[in-house]
Amino acid sequence: MKKTVFTRSMILVILTLFVLAVSGCNMELNNRNNQYVADVKKLVNDSVNYTRKLRQQDEAFDCKDSEKLRGYLLAADDLINTLEKIQKLRPSDEFDDMDDQLKKDSKNALTLISQIKAMVVYAGENGDDSIYRREKDDYFSIYYDYYDSMKNISSAIQTYWRNA
């Protein structure tokens, strides 16, 4: 009788420890997912703000004005840094599909903004913004396709996690 009670008690203790261990893992995964969703939201919102700032710099751009050139390059650097941070996010398996698309879009956007920045640097060094003026609208047009997709994916990630 004592042996049976002892055995059942040990089984109960072991099961309790197992349940606690499993729930701890779920809690860690939940915290990781919460952090990922918050990071995506913040970084995509930052990219929206930096894109707006870049467009304002674009409207006032003058390759012969060193302050305007500097402002443009700083805005481009802020956007580039944000897009690079999106590339470094590490999601759980739950977000792999959406994260893959987010990273593809941010990588393509990063390439375009880097090319725009290179044209601005060239214009500043040579005092000739003809290439920039001729090409920038095409680059920005393509960039906005990726930009809109990143915003949509960010919203989808947030909605999915809120409803999970």
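Let's start with a term: a residue is buried under 20% relative accessible area, exposed over 50%, and partly exposed in between, using a 1.4 Å probe and protein chains only. The areas come from the Shrake-Rupley method, and only the protein chains shown count as cover for residues.

Now, the model. It is predicted, so to speak of local features we need pLDDT of at least 70, and side-chain atom pairs count only at pLDDT 80 or more, while totals for chains, interfaces and linings use all residues. Residues are numbered from 1 along each chain as its sequence is written, and side-chain values use heavy atoms, without hydrogens and water.

The overall picture. The protein has 4 helices and 0 strands. Along the sequence the pattern is α-α-α-α. Helices here are DSSP runs of H or I, at least four residues; strands are E, at least two; numbering starts from the N terminus. Of the 164 residues, 33% are buried. The protein exposes about 10300 Å², and carbon and sulfur atoms supply 53% of that.

Contacts next, meaning heavy atoms within 4.5 Å. Take those between residues at least 6 apart in sequence: 77% join residues at least 24 apart.

Now to helix α3, residues 96-126. Lys103 is buried, because its relative accessible area is 13%. Leaving out residues up to four places away in sequence, Lys103 touches Ile86, Gln87, Leu89, Arg90 and Pro91.

Methods. Areas by Shrake-Rupley, 256 points an atom, 1.4 Å probe, with all protein chains shown as cover.
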